[in-house]
Amino acid sequence: MTGNAIKFGTDGWRAVIANDFTFDNVHRCVQAIADYLKACGLADREQIIGYDTRFASADFARAAAEVLAGNHIRAVLSDRAVPTPVISWGIANMGAGGGIVVTASHNPATWNGLKYKSPDGASAPVGTVAEIEHRAAETSSEDVKCLDISTAISQDLVRFADLRPSYAVQVGRLVDLEAIKRAGFTVMVDPMHGAGAGYYPQLLDGGQSRILEIRAEPNPSFPGMRQPEPIAPNLTRLASAVKESGASVGIANDGDADRLGLMDEHGNFLNQLQVYALLTLYLLEVRAQRGAIVRTITSSGMLDKLGQLYDVPVFEVPVGFKYVAPVMQRENAMVGGEESGGYGYRGHVPERDGILSGLLFLDFMARTGKTPSELLAYLYTKVGPHHYDRRDVVFAAIERAVIVARLEKASPISLANVSVVRKDTLDGFRFILADGSWLLIRFSGTEPLLRIYSESQSPDTVDTLLTEGVRLAGV
């Protein structure tokens, strides 16, 4: 290997800024992408480059454009920080050959990253990622071809573009924005200091609904949260704001706005499994759509029950939209999603879109006249109550092999006093219980974390299973 390792995880390459995420390594990574584009015949098509609100993201994006230009590949560089789904739609809408997004998504503030998108705007598939990783490992700093930005612009190899207008048009095709405007909602939005700030107010301006924002100013330190991930521990301010304002709903998006978090009208967090099931129910019942449901291994058994109720197939894949998107495309799936809060839809790009997901939930409320808590209660009349939680445990890198060996040997007869009927290793180590509950233990694809997940009909059982998971892993 000629340089520091550039390893793509669940979605893209992420690393700590100034440690491994450096300009030198960004140059090497983008050179590897350029070489891949030349090899597969995509170098004659423009590449879209966008970035989020993290520290130096705009500078890293400019550096990526300079490397593409040095390889005579034309780049369209976003003229401002934008959400990842806006870039994904821009790629598909402009017929580009792919794209690069400088973002670390939901990771802590000290991280940054780079996602590579395919010509359809989706996360690059496994084979593409593997080839880029291999090329990056063989690329040294001396191999990088780079053309300074001013020269690249003068030679028409780099141009700037505002990607927002075409995205707004696309969203307006997919959601009845006027109905949401007329609904008279008070919507409290938390962009978590990320790239999604301003989108809901702009898209829903001019009606009877009020759209209020907190933490809308860009702040790469993401104060008051461990990381800009829209999960309950990071959304205490949103919960308070919902209760204090009497809001109809709280909506949060992560740092690059491809994930969605929701609070009901009482400031209670709706977990990601509940939200995915609710959005799927909306598509099936309110929109009368039919088609496959694609879910990752960490998603809810409620989706399987909805599939049975509405006679649509459900496909299970490993964690990551690089696994979800190909099945969505192959099956012309109605929806695809994962436990992280990322959901994608037919008729859009086969990629997560947190902003569109939030708007679809508002449309669900508008069309049914139900509050979020009432919608959840309605879902439970269909599939029964389901509870879920996740614990993240930090571990030392040298412990990974020992943890893996321990979990490979684990074969409990029962967990939480319920028989274990099956263990699978599609992605991590999952234990299926006789009553439909499950426990999953897997390594994060982007951070040094062991993630432990559980779903059950009882919140007490969920808590017990998570504790059992910590014990099985020995962490």
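**Loops, helices and cysteines**

Biologist: Where is Phe222 found?
Modeller: Phe222 sits in the loop between strand E9 (210–213) and helix H9 (236–245), where helices (H or I, at least four residues) and strands (E, at least two) are DSSP runs, numbered from the N terminus. Bear in mind that this is a predicted model, in which local features need pLDDT of at least 70 and side-chain atom pairs count only at pLDDT 80 or more, while totals for chains, interfaces and linings use all residues. Residues are numbered from 1 along each chain as its sequence is written, and side-chain values use heavy atoms, with hydrogens and water left out.

Biologist: Is Phe222 buried or exposed?
Modeller: Phe222 counts as buried because its relative accessibility is 2%; buried means under 20% relative accessible area, exposed over 50%, and partly exposed in between, using a 1.4 Å probe and protein chains only. Phe222 also has a positive phi of about 45°, although it is not a glycine. Most residues other than glycine have a negative phi.

Biologist: What about Asn332, what is its phi?
Modeller: Asn332, likewise a residue other than glycine, has a positive phi near 50°, and its place is in the loop between helix H12 (321–331) and strand E15 (335–337).

Biologist: Changing topic, how many residues of helix H3 are buried?
Modeller: In H3 (residues 84–94), 8 of the 11 residues are buried, so this helix is largely enclosed by the rest of the structure. Among the buried ones are Val86, Ile87, Trp89 and Ile91.

Biologist: And what covers them?
Modeller: The cover over the buried residues of H3 includes strands E3 (47–51), E5 (99–102) and E6 (111–117), together with helices H6 (164–174), H8 (199–203) and H13 (354–368). Just after H3, Gly95 takes a positive phi of about 65°.

Biologist: How do helices H1 and H2 cross?
Modeller: The axes of H1 (residues 23–39) and H2 (residues 57–70) come within 9 Å and cross at roughly 40°, the axes being lines fitted to C-alpha atoms over the stretch in contact, with angles that run from 0 to 180 degrees between N-to-C directions. That makes H1 oblique to H2, since angles under 35 degrees count as roughly parallel, over 145 as roughly antiparallel, 65 to 115 as roughly perpendicular and the rest as oblique.

Biologist: Which residues meet there?
Modeller: On the H1 side they include Phe23, Val26, Val30 and Leu37, and on the H2 side they include Phe60, Ala63 and Val67, where contact means heavy atoms within 4.5 Å.

Biologist: Then how do H11 and H14 compare in angle?
Modeller: The axes of H11 (residues 302–310) and H14 (residues 372–383) come within 10 Å and cross at roughly 65°, and the two helices are therefore roughly perpendicular to each other. Their contact brings together residues including Met302, Leu306 and Leu309 in H11 with Leu379, Tyr380 and Val383 in H14.

Biologist: Last one, how many disulfides are there?
Modeller: The count comes to 0 disulfides, a disulfide being a pair of cysteine sulfur atoms within 2.5 Å. For Cys29, the closest cysteine sulfur is in Cys146, 14 Å away, which is too far for a bond. Cys40 is in no disulfide either, as the nearest cysteine sulfur, that of Cys29, is 15 Å away.
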